[in-house]
Amino acid sequence: MGVHELSRVDARRIAVRAQLLDRVRPAGLLDVVSGLTLLQIDPTAAVAPSADLVAWSRLGAAYTPAQLVTALEERSLIELRAMIRPAADVKLYRADMAAWPWCGEFRKWRVAYDEWVKANDVCRRHILRVLGDEGPSRSRELPDRCVVPWGSTGWTNNRNVTQLLEIMVLRGEVAVAGRRGRDRLWDLAERVYPDEPAVPADQARRVRDERRLCALGIARARGPEYPVEPADVGEAGEPAVVAGVKGEWRVDPAALGQPFSGRAALLSPFDRLVHDRARTAELFQFDYQLEIYKPAAKRRWGYYALPILYGDRLVGKLDATADRKAGVFRVAAIHRDTEFTKTMSAAVDREIRDLSRWLELDLVLP
């Protein structure tokens, strides 16, 4: 097997098509989540919750947030570590859960987590008994019997029950059974996850890498560790090089030589097309940062700027917010990274107006 030689245009089109952002739209929400493998949950909703915005970017007006609520209630989709995944994919994680913390490559932080759980085993066992007896519960409804507090310099400091539940997810003991408002409801994993046998660990990792590559189209074989979902794909796919970009890539062979027909799209800052900022810079030559944590005076593009896709290029950022109290979708600016043609401007304007209608808010332009 040789090394595929790709131009940046080739690589970008492979990535856009793999992310279901070309002109051919998916059939429905389950097809979107299956194709992308996940929707990331994020509490920031300056425009809309990220999971909903990602789904809308693919499906347009055919999508409503109620569809996601229903899929989660019916458990065709499940929430696993702040990601919404097809329920059928849980079997790809069960072996790692059973082997926790000795799953995959050695990581010191896993061992430290495991030692903390062992020190608080009385609390862990009590939580399991309470959930077994009372069913889905919010974390604040579960007693804190930890003898060793969770130490952190961040917001998780002393949030013992919440942190214990997160690690119990990794161990396959508990799962998110639903939500009450913004609060997660926790239950025993056996009552939430499909009753399917685990795929053996090595095979499951290969399948996850293959599915991730199929969703990304092109990715690095190795990269920095990301929480929850890797950005690299190991030995999945076939080797490739991209003209003008250093290093070797892995490409989905099924994506090679396919026709491409692009469109305009407005993306969530957490969209998988742009989530790996290094890959975005290398393939799309697109400079982007989420600026919600920056002081307003230091922001270049806005609090929650949406990347703008046109065809196979990321061409700008939309600085806009949904002001639901005022009933308006307020556009502060369109930051253009390249000169817009009349056709591009018209396509982007249509997307902005479509987003405003989908949000059921009146559009206010600068």
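**Cavities, a sheet and some salt bridges**

Okay, let's start inside: helix H9, residues 201-216, gives the largest share of the lining of the largest cavity, with 3 residues. Bear in mind that this is a predicted model.

How many cavities of 30 Å³ or more are there? The count comes to 4. The largest cavity holds about 120 Å³ of space. Its lining is made up of 14 residues, and those nearest the centre are Arg212, Leu216, Pro230, Ala231 and Arg272. If you sort the lining of the largest cavity by class, you get 6 nonpolar, 3 polar and 5 charged residues.

Now the second largest cavity, which has a volume of about 70 Å³. Which helix gives the most to its lining? That's H9, with 3 residues. The lining runs through Thr37, Arg85, Asp89, Leu92, Tyr93, Arg208, Arg211, Arg212 and Glu229. By class, the lining of this second largest cavity comes out as 2 nonpolar, 1 polar and 6 charged residues.

What does the Arg212 side chain meet in salt bridges? One partner is Asp209, at 2.8 Å from N to O. Asp209 and Arg212 both sit in helix H9, 3 residues apart, which is about one turn of the helix. Another partner of Arg212 is Glu229, at 2.9 Å, N to O. This pair links distant parts of the chain, with Arg212 in helix H9 and Glu229 in the loop between S7 and S8, 17 residues apart. Buried or exposed, for Glu229? Buried, with a relative accessible area of 5%.

Stepping back to salt bridges in general, the model has 34 of them. One to look at on the screen is Arg107 with Glu225, where the side chains meet at 3.0 Å, N to O. Arg107 lies in the loop between helix H5 (94-99) and helix H6 (108-119), while Glu225 lies in the loop between strand S7 (218-220) and strand S8 (238-242), so this pair ties together parts that are 118 residues apart in sequence. Arg107 counts as partly exposed at 24% relative accessibility, and Glu225 is partly exposed too, with a relative accessible area of 48%.

Last stop, the sheet. There's an open sheet of 5 strands in the order S10-S11-S12-S13-S14, and the pairing is mixed. Why do S10 and S14 each have one side left without a neighbour in the sheet? Strand S10 (264-266) and strand S14 (362-364) stand at the edges, so each has a single partner strand. From one strand to the next, the twist averages 30°.

Further in, strand S11, residues 306-310, pairs with strand S12, residues 313-323, in the antiparallel sense over 5 bridges.

Key:
Residues are numbered from 1 along each chain as its sequence is written. This is a predicted model: local features need pLDDT of at least 70, side-chain atom pairs count only at pLDDT 80 or more; totals for chains, interfaces and linings use all residues. Side-chain values use heavy atoms; hydrogens and water are left out. On a 1 Å grid over the protein atoms alone, a cavity is a set of points where a 1.4 Å probe fits but cannot get out, and a pocket is an open set with protein on both sides within 12 Å along at least five of seven lines; lining residues have an atom within 4 Å of a point. Grid points are joined across faces, edges and corners, and a volume is the space filled by probe spheres set on the points. Helices (H or I, at least four residues) and strands (E, at least two) are DSSP runs, numbered from the N terminus. Ala, Val, Leu, Ile, Met, Phe, Trp, Tyr, Cys and Pro count as nonpolar, Asp, Glu, Lys and Arg as charged, and the others, Gly among them, as polar. Two strands pair if DSSP finds at least two bridges between them. Axes are lines fitted to C-alpha atoms, for helices over the stretch in contact, and angles run from 0 to 180 degrees between N-to-C directions. A salt bridge is a side-chain nitrogen of Lys or Arg within 4 Å of a carboxyl oxygen of Asp or Glu. Buried means under 20% relative accessible area, exposed over 50%, partly exposed in between (1.4 Å probe, protein chains only).
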